[in-house]
Amino acid sequence: MTVQPADGLSPAAAFPDPSHDQWQTLVEGVLRKSGKEVSGSAAEEALSTTLEDGLTTRPLYTAQDESPDTGFPGFAPFTRGSRAEGNAAGGWDVRQRHTLTDPARLNEAVLGDLENGTTSLWLTVGGPVGVPVDGLARALEGVYLDLAPIALDAPADLDAAATELLRLYGERGVAKDEARGTLGADPLGHEARTGVEADLAPTVRWARVCEAEYPRLRAVAVDALPYHEAGGSAAEELGLSLAAGVAYLRALTGAGMSVEAACGQLEFRYAATADQFLTIAKLRAARRLWARVAEASGGPAAGAQRQHAVSSPVMMTRRDPWVNMLRTTLATLGAGVGGADSVTVLPFDHALGLPDAFARRIARNTSTILMEESHLARVIDPAGGSWYVERLTDELASAAWAFFQETERAGGLPAALRSGMVAERLAATWAARSAKLARRKEPITGVSEFPQPGERPVEREPAPDAYAGAPGGLPRVRRDEAFEALRARSDAHLAATGSRPKVFVAALGPAAAHTARVSFAVNLFGAGGIEAVHDPVSVEADTAADALTAAGATVAVLCSSDALYAERAEQVAAALKSAGAERVFLAGRPGEYAGVDAYIFAGCDAVAVLTSVLDRMGVA
């Protein structure tokens, strides 16, 4: 007898259970209609997407993809979280970054942040670009140091900055077991940034101080951002963070600390990107891998990794910076779902200089909305049980472990940095990614796609840069750098002549025939700061010459359907050439049209095309 539920809705069990083979057969039929004759697993592979590190996103995941080694939140291997309660108790720590050098201005900024949602502070201290060590007391005036954890970033003045912070704790009556945060010692990260060989002795000394006197204060920040910012993939970032953590573990245990105590001194810092699923998998894989390291080192109970996620500087754009708010929202979502303990959302104007109060407020509120309005932190391990995330976590962990082992075989991270092995590997990864960016296979909204050439630039006070001009460090890259260079050339031309470089859009036939390719061409040339003049709406062979002259352009692009190209492209191209067009493009797949010099199409090297156009126009 079948029991019907009270609401009258039949349960899913009443439907037949389709097999994987049946689904593949349906996929074959769909692909056949698009001209692809594939069958079986090949049909599934045709719908798969290849990622970096040899990873593949497949169109369908099933229970067979569930990982058998995820465990439970708060228990080894900690894939599902370092704490049993996750972030459900109070959400993740909202850690705001500050790089102001004036103590009074910094104090005003940190108090405003703490009063409006920030729960910890990440401060650059000492050196030529941080708040002076002797100004730290003024900068933290009015801050309840027993409530707001402090994370220091003081690579050039670690001893002085750490000494001053501990002095402030004592002066303001903060009990040693109430001091929280991290002193931020990371000499290997500093070496990666600058090429200055790391001295681990101060790090060991401060770790011993924290272990003996400050049980809730960590001494070491294992920062993976230098490798991410040098163009490294997710697996490379993870592998090198493991290698850095192992190097610190060796130094600390070699100085007499137990494995458990040494692990307790480390906080790991990772980049969170707008690829939210990869971010989720990266943080889960990082915990799993570090648990394996701790187990192999003889401290299986100490493998709960403390994580600080930072929205990726590489993804932040200088053009149309408002879109960065969307990117950082996705990054924060990934960091929260992935189980990060602390999250820093870089302000949307981070790439332009020092953020203003509005940008800092939006950055703070990104976490607040996701926790308070979207209730993202109320679920322990929200991604747990997702077959896709579980499989991606496994594959990413395997790729990262392989690179970690390769680094260890090279002598460990210090040797791998000094031999150039790390730089070469990251450079190769970035070169491959740059090719995708140039071809817009990885689109950048507002830059390579849907640019706004006439946008008013957002101006900010220049931000201090501790690593500018460091001769021996890893490079720092941005996704927008190739297109930014093109736009800078256009800006210089505008400043010198009062107008942008121009290309004439020669559309053939009615709007229905040319609109799609006109939009494509306008967007492509706009990505290089080249103004596309589409006036008149369409041209013929006898009107093209006058239209080109009126546009004031020496480069033209034909836009229409393939059928109209066959009828009119050669005649219109000839007319454009006779009117002085130095180069004629055609929007569409390469063909054999007389008078057409080059072709633009989806997947073409947009950077190469735009560079050649600006060169031909004499735009320096």
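**Notebook: pockets, cavities and helix pairs**

I began with the lining of the second largest pocket, where α11 gives the most, with three residues. This is a predicted model, so I read every value below as computed from the prediction.

**Entry 1. The second largest pocket**

I looked up its volume, which is about 840 Å³. I then asked which residues come closest to the centre of this pocket. Of the 33 lining residues, they are D275, L278, R433, E442 and R479. Next I noted the elements that give two or more residues to the lining: β1 (49–50), α9 (234–254), α11 (276–296), α12 (324–338), α14 (387–409) and α16 (421–438). By class, I have 12 nonpolar, 10 polar and 11 charged residues in the lining.

**Entry 2. α9 against α11**

Both helices are on the list for the second largest pocket, and I checked how they pack. The angle is about 30 degrees, and the axes are 10 Å apart. Are α9 and α11 roughly parallel or roughly perpendicular? Angles under 35 degrees count as roughly parallel, and α9 and α11 are therefore roughly parallel to each other. The crossing of α9 past α11 is right-handed.

I listed the contact residues next. From α9 they are A234, E237, L238, L242, G245, V246 and L249. From α11 they are L278, K282, A285, A286, L289, W290 and V293. By class the contact divides into 11 nonpolar, one polar and two charged residues. I noticed L278 in two places: it is in this contact, and it is among the residues closest to the centre of the second largest pocket.

**Entry 3. Cavities**

How many cavities of 30 Å³ or more are there? I count three.

The largest cavity has a volume of about 150 Å³. It is lined by 18 residues, and G86, N87, G336, G339 and D381 are the closest to its centre. I sorted the lining by class and got seven nonpolar, six polar and five charged residues.

The second largest cavity holds about 40 Å³ of space. Its lining is R218, C263, L266, F268, W290, A302, A304, Q305 and R306. That gives six nonpolar residues, one polar and two charged. W290 turns up again here: it lines this cavity, and it is also on the α11 side of the contact with α9.

**Entry 4. α5 against α7**

I moved on to α5 (residues 158–171) and α7 (residues 201–213). They pack at about 15 degrees, with axes 11 Å apart. With that angle under the 35 degree cut-off, α5 and α7 are therefore roughly parallel. α5 passes α7 in a left-handed crossing. On the α5 side, L158, D159, A162, T163 and L166 make the contact. On the α7 side, I wrote down P202, R205, W206 and V209. The contact has six nonpolar residues, one polar and two charged.

**Entry 5. α17 against α21**

The next pair is α17 (residues 481–497) and α21 (residues 606–617). Their angle is about 20 degrees, and their axes are 10 Å apart. I put this pair down as roughly parallel too, because the angle is under 35 degrees. α17 passes α21 in a left-handed crossing. Which residues make the contact? α17 brings A482, F483, L486 and R489. α21 brings A606, V607, L610, T611, L614 and D615. I sorted them into seven nonpolar, one polar and two charged.

**Entry 6. Backbone details**

I looked for cis peptide bonds and noted two places. One joins A76 and P77, with omega about 10 degrees. P77 sits in the loop between β2 (56–57) and β3 (93–98). Another cis bond runs from D535 to P536, with omega near 10 degrees. Where does P536 lie? I found P536 in the loop between β12 (531–533) and α19 (544–551).

Last, I checked D53. Its phi is near 65 degrees, a positive value in a residue other than glycine. D53 lies in the loop between β1 and β2. β1 is also an element of the second largest pocket lining, where I began.

Technical notes:
Residues are numbered from 1 along each chain as its sequence is written. This is a predicted model: local features need pLDDT of at least 70, side-chain atom pairs count only at pLDDT 80 or more; totals for chains, interfaces and linings use all residues. Side-chain values use heavy atoms; hydrogens and water are left out. Axes are lines fitted to C-alpha atoms, for helices over the stretch in contact, and angles run from 0 to 180 degrees between N-to-C directions. Helices (H or I, at least four residues) and strands (E, at least two) are DSSP runs, numbered from the N terminus. Angles under 35 degrees count as roughly parallel, over 145 as roughly antiparallel, 65 to 115 as roughly perpendicular and the rest as oblique. A crossing is left-handed if the near helix is turned anticlockwise from the far one by less than a right angle, and right-handed if clockwise. Contact means heavy atoms within 4.5 Å. Ala, Val, Leu, Ile, Met, Phe, Trp, Tyr, Cys and Pro count as nonpolar, Asp, Glu, Lys and Arg as charged, and the others, Gly among them, as polar. On a 1 Å grid over the protein atoms alone, a cavity is a set of points where a 1.4 Å probe fits but cannot get out, and a pocket is an open set with protein on both sides within 12 Å along at least five of seven lines; lining residues have an atom within 4 Å of a point. Grid points are joined across faces, edges and corners, and a volume is the space filled by probe spheres set on the points.
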